[in-house]
Amino acid sequence: MEHAPSWYAASLPPELDRLRPRLEGDTVCDVCVIGGGFAGVSTAYHLAKAGQRVVLLDANRIGWGASGRNGGQIHPGFRRDFSWFASKMGDGVARQVASASKAALEHLDGLIAAHAPGCDRTHGLITACRTANDLREEISAGEEATAQFGATALTVLDEAETEAALGAKGHAGAVRDPDGGHLHPLRFVLRLADAAEAVGAQLYDGSKVEAVVPDVSHVSVRSSHGSVRASHVVLCGNGYMRGLYGDMDARVLPITNFIVATEPIGAGDAGGLLPTGEAASDTRFIVRYWRPTPDGRLLFGGGEKFSTAFPQDIAAFVRPHLLAIYPQLADVRIDHAWGGTLAVTQNRLPLVRRLDPRVTVAAGFSGQGVVNAPFAGKIIADALTHDPNLLDLFANFPCPAFPGGTALRAPILFLAMSWFALMDRIG
C-alpha cells in the first residue's frame, strides 16, 4: 500500500511515512469513520477531542486517496457563488453560507498552525481569465461577494500584470484572492492523523469496509479482517465508496484527475514562473491548475476522465495541457506524474448530511476539498456531540441524484463534459 508516485510522497518526511495496523477482530465504539482523508481524519480528530470513542478505517492507508494526491490548492468558497445561493435558497441562507465559508478557511489555518506548520501553507490564488468576458464575470462576482456577503476583496490584474504574475501569455487578465493559496496536502492529512491519535482516536490502515448495516440501536461495519459495532457511522471515503451505500452512490460520482511535477526549474523564484509563489488556475470548465513547489518545480494539473481508469502514460496525458499554458516548457523533464479519484456532485456542492439516523456522509467536494473537507469533519463532529446547526445548513444544499441512475450517469456526464471540453477548446 504505497502512496501514489507523487512529488508529495517523494518529499514526505520519514517520520510521516509509516503504515498503521489493520483492524483485527471485533471492536465497539461511539463513532466509526470510514475513509482516512481530510474529512475522515478531521471528523475523527474533533470527535475524539470531544471525548467520543472513535475508530477510523481506511481500505489502504491514511492520505492514500484524493487528500494525499490533489493539487493542494486552497480555494475558499464553493463551486457556486454566494449569489447563486441567494437566488436558490434566499439571502439569509446565502449569508450563512458566506459565514461558513469564512469559518472553513479559518478552521483550516487553525489546524495548520496547531498541528501541521510544516505543510508549506502559502498565500495567494490567481484565477487567470482566458477572455475579457471571463474577467468581467470574475470581477463582478468578486465585487458582489465583497459588498453583499463580506468576502475578502480580490485584486484585479490586467493582461500585462497577469503575464508577469504567471510567467505566461494568453490571458485577458486575472483576479487574485489573498486568502487562497496552496499547501502540501499529504503532510497536512498525516499530521492531522497524528493529532487525532494523540487525543484518543484509533486509526487503522488496510481495513477495507465491505458492508455498513444500520439497525435501530447501532450500526454494524464489516471490514476485511474485523468488524465494528458503533452508535454512528460517518462515510468519508469520497470517490472510493462505490457500492457501499445506495443513496450516496446516486448523488456522488467518482472521476479521475491527473497531475505532473517538473524537474526543478526555479518556479516560485524571482525571474521564474509564478515569481511570487502563488497558486493559479484558469476559467476553463474543465479547469487547469498549477503552482510552484518549495524546491522550484512546477506542479501542474490538467485533464479529467469520467471513469476510474488511468491513461497508460499520465505524463503524456497532462503535457499538452501544461504546454497550452507554458509552451516554453516543451523540453522540460517531468519527474513525477500521478492521478487520483475524486468525486463530484451534479451541482458541484458537497454532500454533507445524514443518510440515515445513524449514518452521516461527507463527500462530493468537487475539487474544493482542501478547505471544505476538513471543515465538514468539524461540522459532523459538532452535530454528533452538541451543535447540529451547520450540518442542517449543509444538509439543505441541493444535491440531486445524477440522471440515468448508477448505470447510465457516467456515460451521460461524459457526453455533457465532452460538450464543455469542446467549448473550452473553441473559447
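Guide: Helices (H or I, at least four residues) and strands (E, at least two) are DSSP runs, numbered from the N terminus. This is a predicted model, in which local features need pLDDT of at least 70 and side-chain atom pairs count only at pLDDT 80 or more, while totals for chains, interfaces and linings use all residues. Residues are numbered from 1 along each chain as its sequence is written, and side-chain values use heavy atoms, with hydrogens and water left out.

Visitor: Where is Thr43, and is Thr43 buried or exposed?

Guide: Thr43 belongs to helix H2 (residues 38-49). Buried means under 20% relative accessible area, exposed over 50%, and partly exposed in between, with a 1.4 Å probe and protein chains only. Thr43 has a relative accessibility of 0%, so Thr43 is buried.

Visitor: Which residues is Thr43 in contact with, leaving aside its neighbours within four places in sequence?

Guide: Contact means heavy atoms within 4.5 Å. With those neighbours left aside, the contacts of Thr43 are Val33, Val234, Cys236, Gly377, Ile380 and Ala381.

Visitor: Which backbone nitrogen lies 3.1 Å from a polar atom of the side chain of His184?

Guide: His184 lies in the loop between strand E6 (173-182) and helix H7 (185-198), and counts as buried because its relative accessibility is 0%. A polar contact is a pair of N or O atoms within 3.5 Å; within protein, one must be able to donate a hydrogen and the other to accept it, and residues adjacent in sequence count only if both atoms are side-chain atoms. The backbone nitrogen in question belongs to Arg187.

Visitor: What arc do the buried residues of helix H6 cover?

Guide: In helix H6 (residues 159-166), the buried residues are Thr162, Ala165 and Leu166. They are on the same side of H6, because their arc around the axis is only 85°.

Visitor: Which exposed residues are on the face of H6 turned away from its buried side?

Guide: The buried residues of H6 pack against strand E4 (122-129), strand E5 (155-157), E6, E12 and E13. The face turned away from that buried side carries the exposed residues Ala160 and Ala164.

Visitor: How many aromatic pairs does the structure hold?

Guide: Rings of Phe, Tyr and Trp (its six-membered ring) pair if their centres lie within 6.5 Å; planes under 30 degrees apart count as stacked, over 60 as edge-to-face and the rest as tilted. By that rule the number of aromatic pairs is 15.

Visitor: How many residues apart are Phe78 and Phe394?

Guide: Phe78 and Phe394 form an edge-to-face pair, 5.9 Å centre to centre with 70° between the planes. Phe78 is in the loop between strand E3 (73-74) and helix H3 (82-89), and Phe394 is in helix H11 (residues 389-395). The pair links distant parts of the chain, and the two residues are 316 residues apart.

Key: Arc of directions from axis to C-beta.
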